[in-house]
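Dear colleague,

Please find the structure below, handed over for your study. My findings follow directly after it.

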Amino acid sequence: MRVRSITRPLIAALLPLLSLVPTAQAVEPDSPWPQVVEQARGQTVWFNAWGGSDRINAYLEWANEELQREYGVTLEHVKVGDIAEIVSQLAAARAAGQDEGGRVDLMWVNGENFAAMKRDGMIWGNFADALPNADLVRESPSILFDFSVPVDGLESPWGGAQLVFIHDADALPEPPRSAEQLLSFVQDEGRFAYPAPPAFHGTTFLKQLLSELVDEQHAEALSLPAEAADIEAVTAPLWDYLDALHPHLRGEGRSWPTSGEATRQLLDDGEVDIALSFNPNEASAAVRDAQLPESVRTYVFDGGTIGNTHFVTIPWNANAPAGAQVVANFLLSPAAQARKADPTFWGDPTVLDIESLDQTDRALFEAIDNGPWSLPIGSGEVLPEPHASWAAALEQAWLTRYGS
């Protein structure tokens, strides 16, 4: 009895204090940063990201070590082949009402996958603008608009990208510098191949061709949802071009490389003259790894090539949103961005405004040696990505015409 008489008043006195203790749901996208960091300590962040690159995997292992040391946050890299599969799983969880305790805390995303998540309310909130390191990000249309879809702070930029072509300057001193020149090149026994859509580099190559070949009357349609356009009329020049191109490709339009990396391997093996990449620094990293000869060089078409930004975002039902915010902010730090941009480690171009950094942080980027094999991002004109919906429209039409 005496125990009960003491315990009841004690509990009554503690209840107001217990209500002040932050819970797992206390952090909001715009919560004060010290509160975010405090709640993140001890959390494990399950980061769903592409796992097909040893360099990327090693970079994320380094990031995990830094996050544990500095913030007490553990970063678990969930290696995925296609982030669209994760988006589909999240959509199923959303439909089933699984609004808490999600298995994905952070994910690497952009383009049509971001558009689907934004449309269906599968993003935690406007967290990106509240990250302290967001102030270091350069101003760019591709950071404000992801494949023509407004970002609205729902994803945090992580790296830049631009379609580039890699050639062996000893074997091919003057490579083709436009879609039309490429067609003439392969018709004149030049060796070339591109990945079959929906492989990312293959779809990007289709978008590049369409951006060059679309007639003036239909050009504006590419920045709008595909369903609002006369798709057949807009894409007709693309299919005419591919009908002429395919019989002259390696594989003669019947077999295809599986990825951009596969075209790089074909270049190294001497089976094609030109490889595709969406990383202007890939050749530099490949030469350092003895995956390409030192005679390779990178170039873009004279009229420009498609460029974009890739991001990370937090699903609406993330189990550790505070930890996810800490990771996203760390990935924007000058130290993390400089290591990521260095081809010794990865070679992915930065999203930071280097000129606005202080001298110490700027020196991290100035020390990076890309050698003569790569190009600075933004070389030539950077063409905007078509609206996110065009990727699926082009992939389906390509598979219908050539998939068999």
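The lining of the second largest pocket comprises twelve nonpolar, eleven polar and three charged residues. In this classification Ala, Val, Leu, Ile, Met, Phe, Trp, Tyr, Cys and Pro are nonpolar, Asp, Glu, Lys and Arg are charged, and the others, Gly among them, are polar. In total 26 residues line this pocket, and Gly307, Val382, Leu383, Pro384 and Glu385 lie nearest its centre. The elements that each give two or more residues to the lining are α6 (141-144), β6 (156-162), α8, β10 (305-313) and β11 (382-383). The volume of the second largest pocket is about 480 Å³.

Some terms need their definitions. On a 1 Å grid over the protein atoms alone, a pocket is an open set of points with protein on both sides within 12 Å along at least five of seven lines, whereas a cavity is a set of points where a 1.4 Å probe fits but cannot get out; lining residues have an atom within 4 Å of a point. Grid points are joined across faces, edges and corners, and the volume is the space filled by probe spheres set on the points. Helices (H or I, at least four residues) and strands (E, at least two) are DSSP runs, numbered from the N terminus.

Please note that this is a predicted model, in which local features need pLDDT of at least 70 and side-chain atom pairs count only at pLDDT 80 or more, while totals for chains, interfaces and linings use all residues. Residues are numbered from 1 along each chain as its sequence is written, and side-chain values use heavy atoms, with hydrogens and water left out.

From α8, Phe205, Leu206, Leu209, Leu210 and Leu213 meet Val234, Thr235, Pro237, Leu238, Tyr241, Leu242 and Leu245 of α9, where contact means heavy atoms within 4.5 Å. By class, this contact has eleven nonpolar residues, one polar residue and no charged residues.

A cis peptide bond joins Pro197 and Pro198, with omega about 15°.

Two residues other than glycine have a positive phi: Phe147, near 55°, and Glu252, about 55°. Are they buried or exposed? Phe147, in the loop between β4 (145-146) and β5 (149-150), is buried at 4% relative accessibility.

Helix α12 (residues 321-331) is largely enclosed by the rest of the structure, because eleven of its eleven residues are buried. Among them are Pro321, Gln325, Asn329 and Leu331.

Arg55, in helix α3 (residues 54-71), is buried with a relative accessible area of 16%. Leaving aside residues up to four places away in sequence, Arg55 touches Ala285, Asp289, Pro343, Thr344, Phe345 and Trp346.

By contrast, Glu174 is exposed at 63% and is found in the loop between β7 (164-168) and α7. The C-alpha atoms of Glu174 and Thr400 are separated by 35 Å, and the two residues are 226 residues apart along the chain.

With kind regards

Note on methods. Buried means under 20% relative accessible area, exposed over 50%, partly exposed in between (1.4 Å probe, protein chains only).
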